[in-house]
Structures are given as C-alpha cells and as structure tokens.
Amino acid sequence: MSYESAQAFFAALAANADASRASDLDASYRFEIEGAGTWRVDVRNGRVTVDQSDAAADCVVETDEETFLEVVRQEQNPMGAYMAGRIRVAGDMGLALRLRDLLG
C-alpha cells in the first residue's frame, strides 16, 4: 500500500496490521517521525492499537518522514537505512526486528 504521509500510515495501521503473525508479541513501540509527529503502537494478545503519543515504549524508532515512507513503501531496506544512520533505534533492538511481523 502506498502512503502519502506518516499520519496516513499510522491512521490505517491498526486495521492493516497482520496481528496473527505477531500473536506472541507483547510490546510497545514509539515512532518519532521528524517533521510529522510521534506515535505509540501497542501490540498485546494479537491486538494492535495506535495513538499519537510520546509515552514511554519498549522500542523507540526515530527517523525523518521521507525515510519512514520509503521503508513503508518498500523502496528502502530498513536495515540499510539503519546502517546508514537514517533510522535510529533505542530500547529493545529485537522488537525492532519484529516490526516486519506486524506489517506482513
């Protein structure tokens, strides 16, 4: 799916997430998207909820909106963006690797 903004992505995430693939995941994520906003994504018991919030989370992902959208659109490899310093991760790196489970 092609998203025009981080806002559009997070607005649709709960409905589009493949919670069955992450049914064993019990975690929270905070996405700090420079120039767009901050969202908190909770995954509990196969249920995904999204709020615009800067509350604490198990894993924090920071990037600019352009990089974020390139990754979401599968135009940019997330690990390549991380290695190039375009994505920063704080907290549980293992949880960052599980993000692909949510997005199918």
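Author: A patch is built from residues with over 30% relative accessible area and no salt bridge; like charges are joined within 9 Å, nonpolar side chains (Val, Leu, Ile, Met, Phe, Trp, Tyr) within 5 Å. Accessible areas come from the Shrake-Rupley method with a 1.4 Å probe, and for residues only the protein chains shown count as cover. A salt bridge puts a side-chain nitrogen of Lys or Arg within 4 Å of a carboxyl oxygen of Asp or Glu.

The model is predicted: local features need pLDDT of at least 70, side-chain atom pairs count only at pLDDT 80 or more, and totals for chains, interfaces and linings use all residues. Residues are numbered from 1 along each chain as its sequence is written, and side-chain values use heavy atoms, leaving out hydrogens and water.

Start at the surface. Met79, Met83, Met93 and Leu97 make a nonpolar patch there, with about 390 Å² of accessible area together. Helix 3 (78-83) and helix 4 (93-97) each supply at least two of the patch residues. Helices (H or I, at least four residues) and strands (E, at least two) are DSSP runs, numbered from the N terminus. Met79 sits in helix 3. Its relative accessibility is 42%, so Met79 counts as partly exposed. Buried means under 20% relative accessible area, exposed over 50%, partly exposed in between (1.4 Å probe, protein chains only).

Asp64 caps its N-terminal end: a side-chain oxygen lies 3.1 Å from the backbone nitrogen of Glu66. Within helix 2, Thr67, Phe68, Leu69, Glu70 and Val72 are buried. These buried residues pack against helix 1, strand 1, strand 4, helix 3 and strand 5 (87-91). Thr67 counts as buried because its relative accessibility is 0%. Beyond its neighbours within four places in sequence, Thr67 is in contact (heavy atoms within 4.5 Å) with Ala81, Arg86 and Ile87.

After helix 2 comes Gln74, with a positive phi near 60°. Gln74 is not a glycine. Most residues other than glycine have a negative phi. Gln74 lies in the loop between helix 2 and helix 3. Its relative accessible area is 71%, so Gln74 is exposed.

Last, the interior. A nonpolar core is a set of buried Ala, Val, Leu, Ile, Met, Phe, Trp, Tyr and Cys residues joined through side-chain atoms within 4.5 Å. The largest one has 28 residues; Phe68 and Tyr29 are among those with the most contacts inside it. Helix 2 (65-72) and helix 4 are among the elements giving it two or more residues. Helix 1 gives the most, five residues.

Conventions:
A polar contact is a pair of N or O atoms within 3.5 Å; within protein, one must be able to donate a hydrogen and the other to accept it, and residues adjacent in sequence count only if both atoms are side-chain atoms.
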